[in-house]
Amino acid sequence: MDAIGIAEAIYRFRRRRDLLLEHQGIGQLFTDPAWDMLLDLFIARGRGRSISITSLCIAGCVPATTGLRWIELLVSNGLANRRADETDGRRTFIEISDTGYRMLEDLLGGRGHEAAGPV
């Protein structure tokens, strides 16, 4: 399985986990919107899709205002970029940056573990 397939499997697992834990009333203990958003952006780039801000907030499983804060953190930390929609001036797309893409590609492809140390 390639890195994109692994990312898709992780994302699907996280959604199943969310449903189970939410049903048990403890879903709020296990949120990680930035990671979910980064996975979604990684998958989108690998599949040639564009992700709007609204869609990315949904992918992060957070309200829009919270999602906007997380998006700003991803952008300000160099993991994502904003891109205006050329056909609709009201919409902005978010893309994973080259740095973010390489980071996830290394992580999901089993590379880059030397920098992290022993696990």
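**Cysteines, core and pocket**

Cys 57 is buried, with a relative accessible area of 5%. The model is a predicted one. Cys 61 is partly exposed, at 44% relative accessibility.

Cys 57 is in no disulfide, and the nearest cysteine sulfur, that of Cys 61, is 11 Å away. A disulfide needs the two sulfur atoms within 2.5 Å, so a gap of 11 Å rules out this pair.

Next comes the interior. In soluble globular proteins, nonpolar side chains tend to be buried together. Here the largest nonpolar core has 26 residues. Leu 41, Phe 42, Leu 56, Leu 74 and Ile 96 have the most contacts inside this core. At least two core residues come from each of α1 (3-23), α2 (33-47), α3 (53-59), α4 (64-76), β3 (92-96) and α5 (98-108). The most come from α2, which gives eight residues.

Take Leu 41 on its own. Neighbours within four places in sequence aside, Leu 41 is in contact with Ile 51, Leu 56, Ala 80, Ile 94, Glu 95 and Ile 96. Of these partners, Leu 56 and Ile 96 are also among the core residues with the most contacts.

Last, the largest pocket. Its volume is about 170 Å³. The lining has 15 residues, and Asp 18, Glu 22, Gly 27, Thr 31 and Cys 61 lie nearest the centre. Both α1 and α2 supply at least two lining residues. Five come from α1, which gives the most. By type, the lining divides into five nonpolar, four polar and six charged residues.

Conventions
Residues are numbered from 1 along each chain as its sequence is written. This is a predicted model: local features need pLDDT of at least 70, side-chain atom pairs count only at pLDDT 80 or more; totals for chains, interfaces and linings use all residues. Side-chain values use heavy atoms; hydrogens and water are left out. A nonpolar core is a set of buried Ala, Val, Leu, Ile, Met, Phe, Trp, Tyr and Cys residues joined through side-chain atoms within 4.5 Å. Buried means under 20% relative accessible area, exposed over 50%, partly exposed in between (1.4 Å probe, protein chains only). Helices (H or I, at least four residues) and strands (E, at least two) are DSSP runs, numbered from the N terminus. Contact means heavy atoms within 4.5 Å. On a 1 Å grid over the protein atoms alone, a cavity is a set of points where a 1.4 Å probe fits but cannot get out, and a pocket is an open set with protein on both sides within 12 Å along at least five of seven lines; lining residues have an atom within 4 Å of a point. Grid points are joined across faces, edges and corners, and a volume is the space filled by probe spheres set on the points. Ala, Val, Leu, Ile, Met, Phe, Trp, Tyr, Cys and Pro count as nonpolar, Asp, Glu, Lys and Arg as charged, and the others, Gly among them, as polar.
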